[in-house]
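This briefing walks through selected local features of the structure shown below, grouped by topic. Please keep the sequence and the 3D view at hand while reading.

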Amino acid sequence: MTHAQQAVDPEALDRLLEMTGGDPDFLAELIDTFLEDAVAQLEALRTAVSAGDAEAAIRPAHSLKSNSASMGADRLADLSRALEADARGGRIDDGPARVDDAAAEFEAVRTALLAIRKAP
């Protein structure tokens, strides 16, 4: 199993599909919305961290954490959770490198979700 395949818990997506009444089109919309939003949250997080603004990093880290967890992207959720906790503490040590790690994990998540989205 590749990292991209491991980046998303298929059981979480099964639960989402169940919550949508088994509507694969709605699940595809949720995936698209997540992917678009995650790009925006990562950019906001990168901007905040680059500026040394821990306060401004809280919201995008929190949103990315919550949305990633909902999509079954557990590692991305964990990385975001740690960034959020540090931001709430007023300081994000190694911020740019940690955002780079989250962005790299997001790419694996994106690959997995797009493959799932296209699957019959």
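Asp94 is found in the loop between helix H5 (74–88) and H6, where helices (H or I, at least four residues) and strands (E, at least two) are DSSP runs numbered from the N terminus. This is a predicted model, in which local features need pLDDT of at least 70 and side-chain atom pairs count only at pLDDT 80 or more, while totals for chains, interfaces and linings use all residues. Residues are numbered from 1 along each chain as its sequence is written, and side-chain values use heavy atoms, with hydrogens and water left out.

**Loops and backbone angles**

- Asp94 has a positive phi of about 55 degrees although it is not a glycine, and at 61% relative accessibility it counts as exposed (buried means under 20% relative accessible area, exposed over 50%, partly exposed in between, with a 1.4 Å probe and protein chains only).
- Most residues other than glycine have a negative phi.
- Thr20 sits in the loop between H2 and H3 and, at 15% relative accessibility, counts as buried.
- The side chain of Thr20 reaches the backbone nitrogen of Asp23 at 3.4 Å, a polar contact being a pair of N or O atoms within 3.5 Å, where within protein one must be able to donate a hydrogen and the other to accept it, and residues adjacent in sequence count only if both atoms are side-chain atoms.
- Not counting residues up to four places away in sequence, Thr20 touches Phe26 and Leu30 (contact means heavy atoms within 4.5 Å).

- The buried residues of H2 are Ala12, Leu13 and Leu16, and they lie on the same side of H2 because they cover an arc of only 95 degrees around the axis, the arc being that of the directions from the helix axis to the C-beta atoms.
- On the other side of H2, Pro10, Glu11 and Glu18 are exposed.
- The cover over the buried residues of H2 includes H3, helix H4 (54–70) and H6.

- Ala61 lies in helix H4 and counts as buried, at 0% relative accessibility.
- Leaving aside neighbours within four places in sequence, Ala61 is in contact with Leu45, Ser80, Leu83 and Glu84.
- Although Ala61 and Leu79 are 18 residues apart along the chain, their C-alpha atoms are separated by 8.8 Å.
- Ser68 is also placed in helix H4, where, at 0% relative accessibility, Ser68 counts as buried.
- With neighbours within four places in sequence left aside, Ser68 is in contact with Phe34, Ala73, Leu76 and Ala77.

**The largest pocket**

- The largest pocket is lined by 13 residues, of which Pro24, Leu27, Ile116, Arg117 and Ala119 lie nearest its centre.
- Helix H2 (10–19), helix H3 (24–50) and helix H6 (95–118) are the elements that give two or more residues to this lining, and H3 supplies the largest share, five residues.
- On a 1 Å grid over the protein atoms alone, a cavity is a set of points where a 1.4 Å probe fits but cannot get out, whereas a pocket is an open set with protein on both sides within 12 Å along at least five of seven lines, and lining residues have an atom within 4 Å of a point.
- The lining divides into ten nonpolar, no polar and three charged residues (Ala, Val, Leu, Ile, Met, Phe, Trp, Tyr, Cys and Pro count as nonpolar, Asp, Glu, Lys and Arg as charged, and the others, Gly among them, as polar).
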